[in-house]
Amino acid sequence: MPAPRTVLLTGAAGGLGTLMRDLLPAYGYRLRLLDLRPVDGEPDSIIADLADRDAVREAVRGVDAIIHLAGISLEAPFEKILKANIEGTYHLYEAAREEGVQRIVFASSNHAVGFTPRPQGDDPLIPVDTPHRPDTFYGLSKCFGEDLAQLYWDKHGLESVSVRIGSCFAEPTSVRMLSVWMSPADGARLFHAALTAENVGHTVVHGSSANTRLWWDLSTARALGYAPQDDSEPYAEKLIAEQGELDPENIAHAHLGGHFVSDPPIWPY
Ligand SMILES: NC(=O)c1ccc[n+]([C@@H]2O[C@H](COP(=O)([O-])OP(=O)(O)OC[C@H]3O[C@@H](n4cnc5c(N)ncnc54)[C@H](O)[C@@H]3O)[C@@H](O)[C@H]2O)c1
Ligand SMILES: O=C(O)[C@H]1O[C@@H](O)[C@H](O)[C@@H](O)[C@@H]1O
């Protein structure tokens, strides 16, 4: 596969989209931007709803690959998740198949497996083939996206990397995030690896930095060529002093998904 150059970035106005707009051009990508809302400082971006199949098809025409970030990124009523994340992701995959796009990097989430107990003591890291255990309708939509990616690979030969992102923000803001944080620079490294590795079929990877307190296995990400450079540990002392150590008796501290497992989810997490 020739290295992709023109990449559609959906959800470009969002938090992660904004970070990736800054970081990915240095890898040589030409980004085409799409979002529901205008993207700051980017008058040429495509303003479109994933619900609009014609607009989505036009947006994917001619790109080499897609990084799919658009959608609802927190828990929400099922009907909203259904429209934006489930139907919207289906529209994107269908448009990509019709237009012959070779690869999609899908922003999955730790919340697809959020009810997985987090490792304690000498427990092994959570493996990538851990069963789906969504902690919210939001997490359920990420399970759907991963299965959709598998279907489009098996049936249509459209490649995907589903990146179960931990927490990709400038800094970790909770004790839990020390274990799942992915620095923006490592996020760009991982997306680049996911865009350029050969023969990925459909590969699921965990998306975190090389955190001292890591909870999940990064081996499939490393197999794509991802070499994380960052570690949340320098933030640990301050966050633990402010928030205390994780309490294994607290359901939200005992699971990968943190407060998303609560009913209703409690913010902040
Ligand atoms: N930031 C993280 O740590 C993290 C962790 C796990 C997964 N993710 C996933 O990565 C993606 C980006 O996350 P984020 O933190 O930037 O979220 P965000 O909410 O900041 O950005 C999402 C963007 O998608 C756009 N969008 C929503 N519905 C749309 C629709 N129907 N059509 C077109 N655009 C639509 C929004 O306008 C928004 O700009 C999401 O899919 C999220 O689930 C993020
Ligand atoms: O678990 C996490 O920290 C993150 O999970 C992602 O799926 C959510 O989109 C984001 O809002 C959370 O901060």
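Trainee: How far apart are the end C-alpha atoms of residues 7-171?

Mentor: A word on the ground rules: this is a predicted model, where local features need pLDDT of at least 70, side-chain atom pairs count only at pLDDT 80 or more, and totals for chains, interfaces and linings use all residues. Residues are numbered from 1 along each chain as its sequence is written, while chains are lettered from A and ligands numbered from 1 in the order in which they are written. Your span is 36% helix and 18% strand, where helices (H or I, at least four residues) and strands (E, at least two) are DSSP runs numbered from the N terminus. Its end C-alpha atoms are separated by 26 Å.

Trainee: Which UniProt annotation covers residues 7-171?

Mentor: The label comes from an unreviewed entry, and such annotations may be inferred rather than shown by experiment. For residues 7-171, the UniProt record gives "domain: NAD-dependent epimerase/dehydratase".

Trainee: In which strand is confidence highest?

Mentor: We use pLDDT, the predictor's confidence in each residue, from 0 to 100. The protein chain averages 96, and 99% of the residues score at least 70. Confidence is lowest in helix α9 (residues 251-254), with a mean of 93, and at 99 it is highest in strand β6.

Trainee: Which helix gives the largest share of the shell around ligand 1?

Mentor: A residue counts as near a molecule if its C-beta atom, placed from the backbone, lies within 6 Å of it. Of the 25 residues around ligand 1, those that come nearest are Gly14, Leu16, Ser73, Ala107 and Ile165. At least two shell residues come from each of α1 (15-23), α3 (78-99) and β5 (103-109). The largest share, three residues, belongs to α1.

Trainee: How many charged residues are in the shell around ligand 2?

Mentor: That shell is made of Ser73, Leu74, Ser109, Asn110, His111, Ser167 and Met177. Ala, Val, Leu, Ile, Met, Phe, Trp, Tyr, Cys and Pro count as nonpolar, Asp, Glu, Lys and Arg as charged, and the others, Gly among them, as polar. The shell around ligand 1 has 13 nonpolar, nine polar and three charged residues. Around ligand 2 there are two nonpolar, five polar and, for charged residues, none.

Trainee: How many residues does the largest nonpolar core have?

Mentor: Such a core is a set of buried Ala, Val, Leu, Ile, Met, Phe, Trp, Tyr and Cys residues joined through C-beta atoms within 7 Å. Val105 is one of those with the most contacts inside the largest core. Beyond four places in sequence, Val105 is in contact (backbone-placed C-beta atoms within 7 Å) with residues including Ile67, Val163 and Phe191. The largest core's residue count is 67.

Trainee: Is Asn199 buried or exposed?

Mentor: Asn199 sits in the loop between α6 (184-196) and β7 (202-207), with a positive phi near 50°. Buried requires 20 or more other C-beta atoms within 10 Å of a residue's own, exposed 12 or fewer, and partly exposed lies in between. Because Asn199 has 7 C-beta neighbours inside 10 Å, this residue counts as exposed.

Trainee: How many residues of helix α8 are buried?

Mentor: Helix α8 covers residues 236-243 and lies largely in the open. Just after α8, Gly244 takes a positive phi of about 85°. Of the eight residues of α8, the number buried is zero.

Trainee: Which residue does a cis peptide bond join to Asp263?

Mentor: Omega for this bond is about -5°. Asp263 is joined to Pro264.

Notes:
Two residues are in contact if their C-beta atoms, placed from the backbone, lie within 7 Å.
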